[in-house]
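Here is a friendly tour of one protein chain, meant to be read with the structure open beside you. Shall we see what packs against what?

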Amino acid sequence: MNDEDIERVLKSAGPRERPPAEIERALRNSLRTEWRAVVADERRSRQRRTTFALAAGVLAAAIGIWFAVPQLTGQAEVIGSMTLAAGEVRARSGRFDSWRPVAAGQVLTVGQVLETGSAGRSALTLPGGVSARLDHDTRLTLASAGEIVLDRGALYIDAGPATSAATRLDVITQSGSVRHVGTQYEVRLTGSGVRLRVREGRVEWQSNAGGIEQSAAGQQLTIGDDGSVERQATPLDDESWGWIAAVTPAIDIEGLPLADFLSWVARELGREVTYASPGAATEAAAVVLHGSIAGLTPRQALEAVVATTRVHVVLADRRILVSSQEAASQSAD
């Protein structure tokens, strides 16, 4: 049977009888309801797709704004400033930011990553007047006002005299953390762990496993990646501390008593001021300094300042021995 045969059969059958009106209305209503349901479902699908697209766009925009706001508005929390930058020193504000050179006087904010090059060093001033100094090839993150994450290199902290109220600061390393109690100390990452040296006061080391070690002035802890701890003595004026002097921020000596200046030098050099006589102490307290020591190391500043006074200074046996010029002359005779 071909198409022509089928056509002849249909014509011979004549027109089909229309269904009753009630059935026709019911069929039409049913078809209309089904059509509306299909259209409504399609509309809901399009709305869902549009909503998802909008949500994705809003989320992407929110993420972009979240990363951009600190840089665009400058509203990141300021926690310190760069006091001194020597050689290559750079910073970035998070993982997605680019590195930028850092100069003395620049403010530092939470989340910034600082890095020194192979010939770079820097000094920071943090909350509470805490001084932090970075050696060559050092990278750290300013996680918060009271937390620094040291990724590599060496960091020296001067939190002020041990007798002063210490500002809390935790230095976090891959092996554990260090917390000080009014002190000067160095944290250096090595190829096999962490070396912790204390110059003044004391610190507390807590390993990732929860172990706690205390260390005081003149002590060194070598903490291995396996959790081992080796304790030994370390001279407070050893030459290995010398890098710190290269990034010691100069103090303002204008109007400062010589005695206060000598105390500052002594702390920076790991020494103690000793007066040869009560008269030498009185003379040092009476001398008022003028000028500036900017650009000088503590030892250079000591030589330059003393040369303008009538006191005599000798460095010996971890001491800065101070005597009056007259007494020094008589002793020489």
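Two residues are in contact when they have heavy atoms within 4.5 Å of each other. With that in hand, take Phe261: leaving out residues up to four places away in sequence, Phe261 touches Ile251, Ile253, Leu256, Leu289, Ile293, Ala301, Leu302 and Val305. Please keep in mind that this is a predicted model. The chain has 333 residues, and 35% of them count as buried.

**Overall make-up**

- The chain holds seven helices and 19 strands.
- Among contacts with a separation of 6 or more, 51% come from residues 24 or more positions apart.

**The α4 and α6 pair**

- Helix α4 covers residues 258–269 and helix α6 covers residues 298–306; their axes lie 9 Å apart, and the packing angle is about 155 degrees.
- An angle over 145 degrees counts as roughly antiparallel, and α4 and α6 are therefore roughly antiparallel to each other.
- The crossing of these two helices, α4 and α6, is left-handed.
- On the α4 side, the contact is made by Leu258, Phe261, Leu262, Trp264, Val265, Glu268 and Leu269, and on the α6 side by Pro298, Arg299, Ala301, Leu302 and Val305.
- Sorted by class, the contact of α4 with α6 has ten nonpolar residues, two charged ones and no polar ones.

**Two residues of α4 to click on**

- Phe261 lies in helix α4 and is buried, with a relative accessible area of 0%.
- From Phe261 to Leu289 is a step of 28 residues in sequence, and their C-alpha atoms are 8.7 Å apart in space.
- Beyond the residues up to four places away in sequence, Glu268 touches Arg133, Asp158, Arg199, Thr248 and Pro298.

**Nonpolar cores**

- The largest nonpolar core has 32 residues, and the members that touch the most other members are Leu114, Leu124, Leu155, Tyr185 and Leu196.
- Setting aside neighbours within four places in sequence, Leu114 is in contact with Met82, Arg90, Ala91, Leu108, Leu124, Leu134, Thr138, Arg139, Leu140 and Leu142.
- A second core of 21 residues is separate, and Val265, Leu289, Ala301 and Ile320 are among its members.
- Two of those names return from the helix pair: Val265 in α4 and Ala301 in α6 are both part of the contact described above.

**Leu84 in strand β1**

- Leu84 sits in strand β1, residues 78–86, and is partly exposed, with a relative accessible area of 22%.
- Leaving out neighbours within four places in sequence, the contacts of Leu84 are Ala104, Arg121, Ser122, Ala123, Ala246, Val247 and Thr248.
- For one of these, Ser122, the C-alpha distance to Leu84 is 5.3 Å, although the two are 38 residues apart along the chain.
- Thr248 is a contact of Leu84 and is also touched by Glu268.

**Loops and backbone angles**

- Most residues other than glycine have a negative phi.
- Asp137 has a positive phi of about 50 degrees and is not a glycine.
- Look for Asp137 in the loop between β7 (130–134) and β8 (139–144); Asp137 is partly exposed, with a relative accessible area of 40%.
- Arg318 likewise has a positive phi, near 60 degrees, and is a residue other than glycine.
- The loop that holds Arg318 runs between β18 (311–316) and β19 (319–324), and Arg318 is partly exposed, with a relative accessible area of 33%.
- Pro235 is in the loop between β16 (229–233) and α3 (242–245), and is partly exposed at a relative accessible area of 43%.
- Pro235 and Gln220 are 15 residues apart along the chain, and their C-alpha atoms are separated by 9.5 Å.

Key
Residues are numbered from 1 along each chain as its sequence is written. This is a predicted model: local features need pLDDT of at least 70, side-chain atom pairs count only at pLDDT 80 or more; totals for chains, interfaces and linings use all residues. Side-chain values use heavy atoms; hydrogens and water are left out. Axes are lines fitted to C-alpha atoms, for helices over the stretch in contact, and angles run from 0 to 180 degrees between N-to-C directions. Helices (H or I, at least four residues) and strands (E, at least two) are DSSP runs, numbered from the N terminus. Angles under 35 degrees count as roughly parallel, over 145 as roughly antiparallel, 65 to 115 as roughly perpendicular and the rest as oblique. A crossing is left-handed if the near helix is turned anticlockwise from the far one by less than a right angle, and right-handed if clockwise. Ala, Val, Leu, Ile, Met, Phe, Trp, Tyr, Cys and Pro count as nonpolar, Asp, Glu, Lys and Arg as charged, and the others, Gly among them, as polar. A nonpolar core is a set of buried Ala, Val, Leu, Ile, Met, Phe, Trp, Tyr and Cys residues joined through side-chain atoms within 4.5 Å. Buried means under 20% relative accessible area, exposed over 50%, partly exposed in between (1.4 Å probe, protein chains only).
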